[in-house]
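Hi,

Here is the structure I promised to pass on.

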Amino acid sequence: MRRHKTTKPMRRCIACRESKPQDELIRFVLNGQDPVADISGRAEGRGFYLCRNAECSATAVMRKAFNRVCKRNLDEKEISRLIEQVLDSYQGGMDVKES
Ligand SMILES: [Zn+2]
C-alpha cells in the first residue's frame, strides 16, 4: 500500500498550547506592537496563532495571552473585538473544515 505523506505545517495555539494544522487556526501578525488578524495567512511579520473557536478565544483574553506575545498591555475589549472580527469573517467567507 502506498502512503501519502502529508506534512501540514503545525502551529501552536497561544491559548491551549496545542499544536494544530495551520488551517484550523487563526493567524495574527504583529504590526509594530499591535496584533492584526491575518486572514490570508500570508502577511509578513511575526505571526502567532489561535484556535478558531470561542473557547480558545475566551482563554486568550482571560489569560492575557496576547499581552505576552505582543509584549505590551492590551485592553481586554480590544483583544475581544479583534478576535470577534476574525471569527465573523471566517464564518462569512471561508468554509471551516471539520476533521
Ligand atoms: Zn487553542
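Lys 64 is partly exposed, with 40% relative accessible area; on this scale buried means under 20%, exposed over 50% and partly exposed in between, using a 1.4 Å probe and protein chains only. Lys 64 sits in the loop between H1 and helix H2 (65-70), and has a positive phi of about 55° despite not being a glycine. Helices (H or I, at least four residues) and strands (E, at least two) are DSSP runs, numbered from the N terminus.

Before going further, some housekeeping: this is a predicted model, where local features need pLDDT of at least 70 and side-chain atom pairs count only at pLDDT 80 or more, while totals for chains, interfaces and linings use all residues. Residues are numbered from 1 along each chain as its sequence is written, and side-chain values use heavy atoms, with hydrogens and water left out.

Back to H1. The N-terminal end of H1 is capped by Asn 53, which has a side-chain oxygen 3.2 Å from the backbone nitrogen of Glu 55. That is a polar contact, i.e. a pair of N or O atoms within 3.5 Å; within protein, one must be able to donate a hydrogen and the other to accept it, and residues adjacent in sequence count only if both atoms are side-chain atoms. The buried residues of H1 are Cys 56, Ser 57, Thr 59, Ala 60 and Val 61.

Cys 56 brings us to the metal. Which residues hold the zinc ion? Cys 13, Cys 16, Cys 51 and Cys 56 coordinate the zinc ion, each through SG, at 2.2 to 2.4 Å. Donors here are N, O and S atoms within 2.8 Å of the metal (3.2 Å for Na, K and Ca), and water is not among the atoms, so sites may look incomplete. The zinc site is tetrahedral, with angles of 103 to 116° among the four donor atoms; four donors get that label if all angles lie between 85 and 135 degrees. For reference, the ideal angle for four tetrahedral donors is 109.5 degrees. The donor spacing in sequence reads C-x2-C-x34-C-x4-C. Cys 16 is partly exposed at 29%, whereas Cys 56 is buried at 7%.

Arg 17 also lies in the loop between E1 and E2. Arg 17 has a positive phi of about 65° without being a glycine, and is partly exposed at 46%.

Now the strands (two strands pair if DSSP finds at least two bridges between them). Leu 30 stands opposite Pro 35 in E4, while Phe 28 has Phe 48 in E5 as its bridge partner. The E3–E4 hairpin has two residues between the strands, and Gly 32 there takes a positive phi near 70°. Six of the seven residues of E3 are buried, so E3 is largely enclosed by the rest of the structure.

Leaving aside residues up to four places away in sequence, Asn 67 touches Arg 72, Asn 73, Leu 74 and Ile 79 (contact means heavy atoms within 4.5 Å). A polar side-chain atom of Asn 67 lies 3.1 Å from the backbone nitrogen of Leu 74.

Cheers

Conventions. Four donors count as tetrahedral if all angles lie between 85 and 135 degrees; four count as square planar and six as octahedral if opposite donors are over 155 degrees apart and all others between 65 and 115; anything else is irregular.
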